[in-house]
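Please read the numbered points alongside the sequence and the model.

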Amino acid sequence: MSKILSLNIAIPLIVLNYLIQISFSSVVSTGDFREDFYVTWAPNHVNTSSDGKTTSFKLDQDSGCALASNQMFLFGKIDMKIKLIPGRSAGTVVAFYLQSNQPNHDEIDFEFLGNVKGEPYIVQTNVFADGFDNREQRVILWFDPTANFHTYSVLWNIYQIVFMVDSIPIRTYRNHADKGVAYPRSQPMEVKLSLWNGENWATNGGKDTIDWSKSPFIASFGNYTIDACIWNGNPRFCKADSSTNWWNKRRFNSLTSIQKRWFKWVRLHHMVYDYCQDHARFQGNLPRECSLSKY
């Protein structure tokens with residue numbers, strides 16, 4: 001992939017305030033990693049603050065690490081503040097994602113692909129539906145994600161999945177189940193965070209591998225919000241027409257006009273890969289959703 005310079009664009013807060021309307025009456029997270037998450041892999045590589053508000057992950061030649069939420073959710077919105085690995089991070093992968101535990105699993109992914117120092121950071125998104133994936137998109141971030149925390153969000157409802165960066169939508173995945181397209185709508189998912197070695201593919205197709213002399217590699221997480229329907233074993237509880245679930249109200253069935261403008265801006269100036277444009281990969285038979293509405 002050729003080097004593409006990122007843009008430094010100041011986004012007025014007054015604009016961001018209108019990007020999405022949220023009611024926090026259904027917030028279910030405590031904001032404490034110690035209360036809401038458990039370590040699934042390498043506890044000695046996870047360092048959580050004494051108040052539980054932030055946690056950092058370490059990757060070295062021994063191991064990476066991961067957390068998963070104690071609860072499972074079906075629809076809602078999850079915000080996670082992340083500060084990515086500074087300097088040369090080629091080969092590393094920081095992930096924030098939702099995942100079900102079924103054989104034909106559903107999954108909603110943010111994957112931050114490490115880079116060679118001085119090059120822009122790339123975020124890859126992906127959607128698994130009923131066990132099928134191959135739905136990757138890649139976007140170059142328009143800021144330095146290693147200097148400060150930024151908010152990465154997933155809005156997931158019966159109508160759409162929206163991936164957002166600092167409230168700006170970078171991707172949508174519509175519910176076209178009525179047209180034969182698989183959509184995550186019945187399997188509850190955990191919220192997961194991880195840092196791991198992806199040097200065989202993550203940076204420049206695996207050509208830029210991890211420089212272990214730069215380790216340990218540190219990524220930090222904090223100030224998250226989980227505003228979602230807790231799975232209680234009854235899918236009716238999280239049904240789209242439930243008046244208690246704000247995210248399933250009709251005003252969230254598509255992007256707002258302002259969100260559409262930002263979405264188009266991201267696709268025009270910052271998208272570097274879209275599976276729906278990869279005719280060679282799919283031998284001319286693009287997935288069905290590629291010909292359907294994006295929002």
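How many salt bridges does a search of the whole structure find?

1. The search returns seven salt bridges. The model is a predicted one, and the points below should be read accordingly.

2. One of the salt bridges joins the side chains of Arg 135 and Glu 289, with an N to O distance of 3.0 Å. This pair connects distant parts of the chain, 154 residues apart: Arg 135 lies in the loop between β8 and β9 (137–140), and Glu 289 in the segment after β15 (271–274). Both Arg 135 and Glu 289 are buried.

3. Another salt bridge brings together the side chains of Arg 281 and Glu 136, at 2.8 Å from N to O. Here too distant parts of the chain are linked, with Arg 281 in the segment after β15 and Glu 136 in the loop between β8 and β9, 145 residues apart. Arg 281 has a relative accessible area of 33% and is therefore partly exposed. Glu 136 has a relative accessibility of 14%, so this residue counts as buried.

4. Asp 178 and Lys 179 also form a salt bridge, their closest N and O atoms lying 3.6 Å apart. Asp 178 is exposed, because its relative accessible area is 65%, while Lys 179, at 36% relative accessibility, counts as partly exposed.

5. The largest nonpolar core contains 70 residues, and Phe 110 and Trp 156 have the most contacts inside it. Strand β14 (residues 217–230) supplies the largest share of this core, namely seven residues. A second, separate core has five residues, among them Val 93, Ile 122, Ile 140 and Ala 202.

6. Leaving aside residues up to four places away in sequence, Trp 156 touches a set of residues including Phe 73, Phe 75, Leu 98, Ile 108, Tyr 183, Met 189 and Trp 247.

7. Is strand β7 (residues 107–113) enclosed by the rest of the structure or exposed, and why? Seven of its seven residues are buried, so β7 is largely enclosed. On one side lie Glu 107, Asp 109, Glu 111 and Leu 113, and on the other Ile 108, Phe 110 and Phe 112, all of them buried.

8. Strand β7 pairs with β6 (residues 92–99) in the antiparallel sense over seven bridges, and Tyr 97 has Asp 109 in β7 as its bridge partner. Seven bridges also join β7 to β8 (residues 122–128), again antiparallel; there, Leu 113 is partnered by Ile 122 in β8.

Methods:
Residues numbered from 1 in each chain as written. Predicted model: local features only at pLDDT ≥ 70, side-chain atom pairs only at ≥ 80, totals over all residues. Heavy atoms only, no water. Core = buried A, V, L, I, M, F, W, Y, C linked by side-chain atoms within 4.5 Å. Buried < 20%, exposed > 50% of the residue type's maximum accessible area, 1.4 Å probe, protein only. Helix = DSSP H or I, 4+ residues; strand = E, 2+ residues; numbered from the N terminus. Contact = heavy atoms within 4.5 Å. Pairing = 2+ DSSP bridges. Salt bridge = Lys/Arg side-chain N within 4 Å of Asp/Glu carboxyl O.
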